[in-house]
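Welcome, and please open your viewer. We will walk through one protein chain stop by stop, selecting a few things at a time.

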Amino acid sequence: MVVSYNHTHEIENAYQTALAQYDRAVHKLELDENTAEYMRWPRREFTVNFPVRRDDGRIEMFTGYRVHHNTILGPSKGGIRYSTAVTLDEVRALAMWMTWKCALVNLPYGGAKGGVIVDPKTMSQTELERLTRRYTSELIPLISPHSDIPAPDMGTNAQTMAWIMDTYSMTVGYSVPAIVTGKPINIGGSLGRNEATGRGVIVCMMEALKRQGMANQRIRIAIQGFGNVGSNAALYAYEQGFDVVAVSDVVGGIYNENGLDIPAVEEHYKANKGLTNFPGSQNITNEELLLIDCDVLIPAAMEGQITERNASQVKAKMIIEGANGPTTTEADDILNERGVFIVPDVLANSGGVIVSYFEWVQDIQSFFWDVEEVYRQLERIMIKAYDATAQMAENKNTDMRTAAQMVAIRRVADALNTRGFYP
Ligand code: NAD
């Protein structure tokens, strides 16, 4: 939900959440004022208004953004979102979270994000292709394999990345696979990238269960969102023997207290373009999913879902954030107070950017890995980042979110101070 700055009784918007989290972490870190102030700001914000020809010949104007939050550690990295809820503030928040996420998992990247205000479901493939190609050419001054590397996010997918790669390559005159990640495999994509975020969410959940002493009991999982992250998390959890009791998408969800047959749910979803009325399950609303009786809740749809309005009724003992920013600051406080263990987005969904990094490395080297290598390196990096976060949480007696941001902010701050303030 996006609201204006002035309505303090309304739910905060994503950028307000991101800034509040930052201030909290910086306060605990006792960073010097100059460094703290510098890192609070996005470095560049780019707004483009551009025309797209609809299939019936009409020309329609669209607005898109690309924000580079921080580039101290390397070229900026971040997804592109197509949604009617896109705002500059949302893109700023997502770019800032990318800075912390990349730093937390030790990738040589800064943070970026892009978005176009559009409902992709209302466009044909040819319209989406024209929109993507025009948005890409508007971004040419900003993007390159050495400066800013986009990837998919909500409403975009591997095909979108293929169009971006082709548009960029046609502009420079030769093929540049490393300009985007999350591409189809046949044009330089990485094995395992499609599944990476959802799989990483479950890797994180298993680590959390082990460390919280919950590894040897029956675990019931509820997942909000059945897109790239949610469906892959559901499938990997199912394959690992967990009971996925509820899943949902924007329309609504389904529940079976004994666990859903996820491969069958996938078939049903494809055939019916929705989850509802899956045989042997009960239809539920999205709000009901968040409050359902389960052990682990995985929000994997969008930001601002767990708020002060519903946080006190969440029954899960653990929340693993597949989505970016699903929990507002007020909700965070309520959940922490109630002892709900939260693995924050910057850690839990970092599998996507980690395998994006592998894809970029493979493209630059023109040397491709097998999927076992991708998964092995993914787990190694995620567990190392989990460990750094858990250690910070213990040493500073704080929650996992603040700890993860502290680890990340400290790394960027150290690099900034080594490089110095320009000029
Ligand atoms: P997607 O477009 O593939 O799927 C989004 C899902 O959320 C769909 O099932 C949609 O129906 C559902 N949804 C949309 N609006 C909703 C609402 N208001 N209530 C409930 N459900 C809703 O997107 P995705 O790539 O799976 O991304 C999901 C989240 O994960 C986003 O917050 C994104 O930023 C984050 N994320 C994605 C990746 C990635 O690699 N794709 C990586 C890191 C983080």
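**A loop to begin with**

Start by selecting S366, which sits in the loop between α12 (351–365) and α13 (371–395). Helices here are DSSP runs of H or I with at least four residues, strands are runs of E with at least two, and both are numbered from the N terminus. S366 has a positive phi of about 50 degrees, although it is not a glycine. Most residues other than glycine have a negative phi, and most peptide bonds are trans.

Before moving on, note that this is a predicted model: local features need pLDDT of at least 70, side-chain atom pairs count only at pLDDT 80 or more, and totals for chains, interfaces and linings use all residues. Residues are numbered from 1 along each chain as its sequence is written, and side-chain values use heavy atoms, with hydrogens and water left out.

**The end of the chain**

Next, select Y422 and P423: the peptide bond from Y422 to P423 is cis, with omega near 0 degrees. P423 belongs to the segment after α14 (400–419).

**The whole chain**

Now zoom out and colour by secondary structure: the protein chain has 14 helices and 12 strands. Its radius of gyration, taken over C-alpha atoms, is 21 Å. Along its principal axes, the C-alpha trace spans about 55 × 55 × 50 Å.

**Two domains**

Colour 42–178 as domain 1 and 194–348 as domain 2; these bounds come from an automatic or database domain assignment. Their C-alpha centres lie 27 Å apart. Where do they touch? Counting contact as heavy atoms within 4.5 Å, 10 residues of domain 1 meet 8 residues of domain 2.

The area buried between the two domains is about 800 Å², and carbon and sulfur atoms give 62% of it. Buried area is the accessible area (1.4 Å probe) that two parts lose on being put together, summed over both. In domain 1, select W97, K101 and L104: these lose the most area to domain 2, together 52% of what that side buries.

**Salt bridges**

Show the side chains of R81 and E303, which form a salt bridge with the closest N and O atoms 3.0 Å apart. A salt bridge is a side-chain nitrogen of Lys or Arg within 4 Å of a carboxyl oxygen of Asp or Glu. Across the interface of domain 1 and domain 2 there is 1 salt bridge, while the structure holds 31.

For a last stop, select R24 and D333, whose side chains meet in a salt bridge (2.9 Å, N to O). R24 lies in helix α1 (residues 14–29) and D333 in helix α10 (residues 329–337), so this pair ties together parts that are 309 residues apart in sequence.

Notes. The radius of gyration is taken over C-alpha atoms; the globule rule is 2.2 Å times the number of residues to the power 0.38.
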